[in-house]
Amino acid sequence: MRHAIDEIANSKGRSTEHLLLGVAITAGAVLTSAMIASRHAPTSGHPEIKRDYDRLEQPALQPPPKAFALIWPPLFLALTVSGLRIWNAQPSAARTQALTLWGAAQALNAIWMALGPRRLGGQLATAVASLGTSAAYAWRARQVDAPAASLVAPYLGWIGFANVLTEELWRKNAQKPTIH
């Protein structure tokens, strides 16, 4: 069993305590981001958030809300495992930089989702920063642990598509007054 975990988590030679701390940190960061995203999603059960989204002119490429429920969980899992693999890599400046970028990408994702439909300009700026930070993480992660970088590739594709949707949402609704 430990051998299988070591293969997935890149944790060969690491103590169980180190591995568990890494799981707690990476899963905690991704879970926090996911919880913020779900709280501010139009399907969150908050009528005010749904109403704000419904007021916006939606992009033609907008996937159905159920698609997000299917897409995000595997992406969040891949982000967690990717961060964990970097956490378990041998200490180096590249590892520290990759972990910093990974954490920044999680924070930006949470901010992007928390801004919601009321602050489309801020949401767009955060989305672009999130994409750039995630791409920098993938580049740096590749230098530390290639499988960790590969795990984040689907997230980069999705976040790039989400950037297109956010820009289109902002563009279509730029003439409308900002809701405060």
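The protein chain has seven helices and zero strands, where helices (H or I, at least four residues) and strands (E, at least two) are DSSP runs numbered from the N terminus. This is a predicted model, in which local features need pLDDT of at least 70, side-chain atom pairs count only at pLDDT 80 or more, and totals for chains, interfaces and linings use all residues. Residues are numbered from 1 along each chain as its sequence is written, and side-chain values use heavy atoms, with hydrogens and water left out.

Start with the whole chain. Its C-alpha trace spans about 55 × 30 × 25 Å along the principal axes. Of the 180 residues, 41% are buried (under 20% relative accessible area; exposed is over 50%, partly exposed in between; 1.4 Å probe, protein chains only).

Next, select residues 146-173, helix H7. H7 has 28 residues and reaches 40 Å from its first C-alpha to its last, close to the 40 Å expected at 1.5 Å a residue (the expected span is 1.5 Å times one less than the number of residues). Stop at Ala153, where H7 has a kink of about 30°, shortly before the proline Pro154; the bend is the angle between axes fitted to the seven residues ending at a residue and the seven starting there.

Now show Trp72, Tyr137, Val152 and Tyr155. Of the 23 residues in the largest nonpolar core, these four touch the most other members. Such a core is a set of buried Ala, Val, Leu, Ile, Met, Phe, Trp, Tyr and Cys residues joined through side-chain atoms within 4.5 Å. Its largest share, eight residues, comes from H7.

Keep Tyr137 selected. Leaving aside neighbours within four places in sequence, Tyr137 is in contact (heavy atoms within 4.5 Å) with residues including Ser82, Ile86, Trp102 and Val152.

Two salt bridges remain to be visited, each a side-chain nitrogen of Lys or Arg within 4 Å of a carboxyl oxygen of Asp or Glu. Select Asp145 and Arg85, whose side chains meet at 2.6 Å, N to O. Asp145 lies in the loop between helix H6 (120-144) and H7 and Arg85 in helix H4 (residues 65-87), so the pair ties together parts that are 60 residues apart in sequence. Asp145 is buried at 8% relative accessible area, and Arg85 is buried at 9%.

Finish at Arg2 and Asp6, whose closest N and O atoms are 2.7 Å apart. Both lie in helix H1 (residues 2-9), four residues apart, about one turn of the helix. Arg2 is partly exposed at 31%, whereas Asp6 is buried at 13%.
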